[in-house]
2 protein chains.
Amino acid sequence: MLNGDDNIVFVGNKPVSSYILAVTSQFKEGSSEVIIKARGKAISKAVDVAEIVRRRYVKNVKADVSIGTEEVAADDGRMMKVSSITIVLAHAQDEST
Amino acid sequence: MLNGDDNIVFVGNKPVSSYILAVTSQFKEGSSEVIIKARGKAISKAVDVAEIVRRRYVKNVKADVSIGTEEVAADDGRMMKVSSITIVLAHAQDEST
C-alpha cells in the first residue's frame, strides 16, 4: 500500500491551496493513491482538501476515511491526546464515488 | 439502518461535552448505532466527539466514516459548497476497534 512516505500529505497551518497542490502533484506524478493526514483543528481542512481534489482536480477518486487518537507532546512536555484523521484518496477501479 | 432521525447528532457550535452527552445518551437508551454529522469547521469537533465517546464512554464501538460536500445557503442567499462528515458509531459485533 505504501511506497515510502512520498505519497503522504500532512495537513497543518498552510492555506488549503498548498495542500491541494501537493495532493494533485502526487497524482500527476503517477501515484495511484495519496494519503492525507491531519490532527486537531486541521482535520476540517484535510476534509476540504480531499473534497476539493475529488470535485475539481482528479476524477474518479474514492476516499477511504478513518479516525483515531494520537498522543502528542504539549509545549510543557505533557502528553496530550488529539484526534486524527487519515483520508486515503485512490483511483476508483470499477465505479466512481 | 435508520429508525427515524432520533439517532442522528448534528455537531455545531456548542461545546464538545454537549455532543458527547447526546451520543452517550442515545447508546444508553438502547440505540445500537448513533450517527454524528457535521459540516465545515465543526468537522474537527465531530471527530473529537466520536473519539472521546469511543475511548471513555462506550466500549466496543466501531466508527465508520465518510466525507462529502453539501450545498448550503449563505447569508446573502448564494449557494456555497461546504465539506461534511458522517461518522456512524456502532457496537462492534465480532471485534473491537
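Predicted model: local features only at pLDDT ≥ 70, side-chain atom pairs only at ≥ 80, totals over all residues.

Trainee: Let's begin with a serine. Why is Ser44(B) called buried?

Mentor: Buried means under 20% relative accessible area. Ser44(B) has 6% relative accessibility, so the label buried applies. This serine sits in helix α2 of chain B.

Trainee: And which residues does Ser44(B) touch, leaving out those up to four places away in sequence?

Mentor: Its contacts are Gly40(A), Lys41(A), Ala42(A), Ile43(A) and Ser44(A).

Trainee: What makes Ser84(A) buried?

Mentor: The cut-off is again under 20%, and Ser84(A) comes out at 7% relative accessibility, so Ser84(A) counts as buried. Ser84(A) belongs to strand β4 of chain A, residues 79-91. Beyond four places in sequence, its contacts include Ser66(A), Ile67(A), Gly68(A) and, from chain B, Val47(B).

Trainee: How many residues are in contact between the two chains?

Mentor: On chain B there are 21, and they meet 21 residues of chain A. The area buried between the chains is about 1500 Å², with carbon and sulfur atoms giving 60% of that. In chain B, the residues that lose the most area to chain A are Ser44(B), Val65(B) and Ile67(B), together 35% of what that side buries.

Trainee: Which residues touch the most other members of the largest nonpolar core?

Mentor: Those are Ile85(A), Ile87(A), Ile85(B) and Ile87(B), in a core of 48 residues. Take Ile87(A): setting aside residues up to four places away in sequence, its contacts include Val34(A), Ala46(A), Val65(A) and, from the other chain, Ile67(B).

Trainee: Now the charged pairs. How do you know that Glu71(A) and Lys81(A) form a salt bridge?

Mentor: The rule asks for a side-chain nitrogen of Lys or Arg within 4 Å of a carboxyl oxygen of Asp or Glu. For Glu71(A) and Lys81(A), the closest N and O atoms are 3.9 Å apart, so the pair passes the cut-off. Glu71(A) lies in strand β3 and Lys81(A) in strand β4, so the pair ties together parts ten residues apart in sequence.

Trainee: Why are both of these residues called partly exposed?

Mentor: Partly exposed runs between the buried cut-off of 20% and the exposed cut-off of 50%. Glu71(A) has 46% and Lys81(A) has 47%, so both fall in between.

Trainee: And what makes Asp76(B) and Arg78(B) exposed?

Mentor: Exposed means over 50%. Asp76(B) has a relative accessible area of 53% and Arg78(B) has 56%, so each one is exposed. They also form a salt bridge, with the closest N and O atoms 3.1 Å apart.

Notes: Residues numbered from 1 in each chain as written. Chains lettered and ligands numbered in written order. Heavy atoms only, no water. Contact = heavy atoms within 4.5 Å. Buried area = accessible area lost by both parts, 1.4 Å probe. Core = buried A, V, L, I, M, F, W, Y, C linked by side-chain atoms within 4.5 Å. Buried < 20%, exposed > 50% of the residue type's maximum accessible area, 1.4 Å probe, protein only. Helix = DSSP H or I, 4+ residues; strand = E, 2+ residues; numbered from the N terminus.
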